[in-house]
Amino acid sequence: MEKIILASQSPRRRELMEMLGLPFEVMVSEAEEKITGTDPAAVTEELSARKAAAVAAEIQEGIVIGADTVVALQGRILGKPADRAGAEAMIRSLQGQSHMVYTGVTLIRKRDGHTEARTFSEGTRVHVAAMSDSEIQAYLDTDEPYDKAGAYGIQGIFGKHIAGIEGDFYNVVGLPVHRLYQELKKLGDKQLFFAKK
């Protein structure tokens, strides 16, 4: 059976991969996560391709999945906050507004000496409710904002401030599960998905 490799150390992406019901392994990509552009969707596609290529270079056969997620407010990319002040600035800018979350995914399949790659991105609009100063400070007192793009995780305690989303919820967490499944079906060995009768 064809091997699937997730090129990410993110525990959230591992959990999302498990939802696909397909066996996979993890190889952490050492690719540099340096942003060279300003278009959020294009940035995620470029970084996902870089991550996937770094791992694909180390294997003989299999399907490598690279992914990258960014939060963008009015087209401006919000990375991970450096400190509390940075996190506070991000949350204050996001509260009472809607913003976009983009995840870029690159699939690289190596088989029988051939390499095939495809890259795509998905965007999800997220609506954040207005937050009081005390709500913002209470959130900043948790550990949650400091290792996440945009200073929040939709699946964590910040979820109570999410007024709604348009698009794939899982895309905001870190992988567009449905689109990824469809793309893998196009690319992969059918034995991965359908047991022989």
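What percentage of the 197 residues of the chain count as buried? The share is 46%, where buried means under 20% relative accessible area with a 1.4 Å probe, protein chains only. This is a predicted model, in which local features need pLDDT of at least 70, side-chain atom pairs count only at pLDDT 80 or more, and totals for chains, interfaces and linings use all residues. Residues are numbered from 1 along each chain as its sequence is written, and side-chain values use heavy atoms, with hydrogens and water left out.

Start with the whole chain in cartoon view. Six helices and seven strands are present, taken as DSSP runs (helices H or I, at least four residues; strands E, at least two) numbered from the N terminus. Their order from the N terminus is β-α-β-α-β-β-α-β-β-α-β-α-α. Along the principal axes, the C-alpha atoms fill a box of roughly 60 × 40 × 25 Å.

Next, select I65, Y152 and L180. Within the largest nonpolar core, which has 38 residues, these three touch the most other members. Such a core is a set of buried Ala, Val, Leu, Ile, Met, Phe, Trp, Tyr and Cys residues joined through side-chain atoms within 4.5 Å. Strand β3 (residues 62-73) supplies the largest share of this core, five residues.

Now keep I65 and show its surroundings. Leaving aside residues up to four places away in sequence, I65 touches I4, I5, L6, A7, M17, V105, T106, L107, L180 and L184, with contact meaning heavy atoms within 4.5 Å.

Finally, select A7, A52, I59 and I108. They are among the eight residues of another core, which lies apart from the largest one.

Notes:
Buried < 20%, exposed > 50% of the residue type's maximum accessible area, 1.4 Å probe, protein only.
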